[in-house]
Number of protein chains: 2
Amino acid sequence: MVKRTSFEGDACPIARSLEALGDWWSLLIIREALFGVRRFGEFQSKLGMAKNILAARLRSLVEHGILATAPASDGSAYQEYVLTPKGRGTFPILVALRQWSEEYDDHPEEIATILVDREKGRPVKKLEMRAEDGRLLAPADTTIRPRQPSKGVSRSRSG
Amino acid sequence: MVKRTSFEGDACPIARSLEALGDWWSLLIIREALFGVRRFGEFQSKLGMAKNILAARLRSLVEHGILATAPASDGSAYQEYVLTPKGRGTFPILVALRQWSEEYDDHPEEIATILVDREKGRPVKKLEMRAEDGRLLAPADTTIRPRQPSKGVSRSRSG
DNA sequence: CTTGTGTGGTTGCATAATAAAACCAAATGC
DNA sequence: GCATTTGGTTTTATTATGCAACCACACAAG
């Protein structure tokens, strides 16, 4: 088999999310959807991508339950693509990507926009990882554990 | 030109991070690197990917300043690939991807591992977005603003 | 209701990326 | 010194991407 490898059966949750989001366009489509874009042509013109691959991506996102098709809200017979709760749940991923660029990009002056708290207009704080009890955690303060500590879950690859 | 589109000059920080991280393998390579993997063969066997594309990805990650090559720590003449601070800075992205799978995956029972607080062994709390003053923010509480509110920054596309 | 136009795609073709396998040189182990 | 491991590159096949052309249906005007 020479097909592009799929992470579908992988036991690692990161690989699993990349299965749905890990291509060039999906996260940008979702970004636009979070901005309120709903129509095919609007995605196409804002992202400047080929229509056939947009169609393929939208289909894939719908299959993955990230977008859903709905009748157009303006009464026309066309359809719209709207985010599901699962789709809206990607928001922290987009924030993390954004903050990573803001912090480490080699040409930060080329970055056009910042994410701000709407009420105060001030930049959003960096995402931080915390323990259940609220303690701030650094990467080294965390570790990976088997999901069910003694029920014989075993699958491929690490995670 | 029919080349794969590049997001390099894009003004959106999300597109910019995807330029470096947005392919099938890069984030998984970084995941392994965060686990302590440093050697070519170790990446290759753990990820089960073709050697040529691993070589290409490692080269790309080095070019992007996410990995750096270093002489092997065990005294041998081989080299190692180690994360830079920029590379370690992707940690929140991986956490966000992981938590998204944990929350929304259709078959969560197939997920093998969970991220836990090392001290207590309890799951890490969901990433949350906060304002500078500590207020918890929902996506709708945030908005996008031009980076420099009145210095005439203008580039392509949204963000 | 007929004609024109915009929307939302699909199809065909050229090129680029990915994958598997073969190959290879340098480093290492014996 | 010789076999093996390591860390790749090369070759070739297949898949994905990107552009342009095409097309069906909705809609609007007359």
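Ground rules. This is a predicted model: local features need pLDDT of at least 70, side-chain atom pairs count only at pLDDT 80 or more, and totals for chains, interfaces and linings use all residues. Residues are numbered from 1 along each chain as its sequence is written, chains are lettered from A and ligands numbered from 1 in the order written, and side-chain values use heavy atoms, without hydrogens and water.

Now chain B. Helix H3(B) covers residues 40-47, and helix H4(B) covers residues 51-63. Their axes are 10 Å apart, at an angle of about 120°. H3(B) passes H4(B) in a right-handed crossing.

Which residues of H3(B) meet H4(B)? Phe40(B), Phe43(B) and Gln44(B). Contact here means heavy atoms within 4.5 Å. On the H4(B) side are Lys51(B), Leu54(B), Ala55(B) and Leu58(B). The contact residues divide into five nonpolar, one polar and one charged.

On to the rings. The whole structure has six aromatic pairs over all chains. In one, Trp100(A) and Tyr104(A) have ring centres 6.4 Å apart and planes at 45°, so the pair is tilted. Rings pair if their centres lie within 6.5 Å; planes under 30 degrees apart are stacked, over 60 edge-to-face, the rest tilted.

Both residues lie in helix H6 of chain A, residues 91-104. They are four residues apart, about one turn of the helix. Trp100(A) has 5% relative accessibility, so Trp100(A) counts as buried (under 20%).

Last, a cluster: ring pairs link Phe7(A), Trp24(B) and Trp25(B).

Definitions and conventions
Axes fitted to C-alpha atoms, helices over the stretch in contact; angles between N-to-C directions. Helix = DSSP H or I, 4+ residues; strand = E, 2+ residues; numbered from the N terminus. Left-handed = near helix turned anticlockwise from the far one by under 90°. Nonpolar A, V, L, I, M, F, W, Y, C, P; charged D, E, K, R; others polar. Buried < 20%, exposed > 50% of the residue type's maximum accessible area, 1.4 Å probe, protein only.
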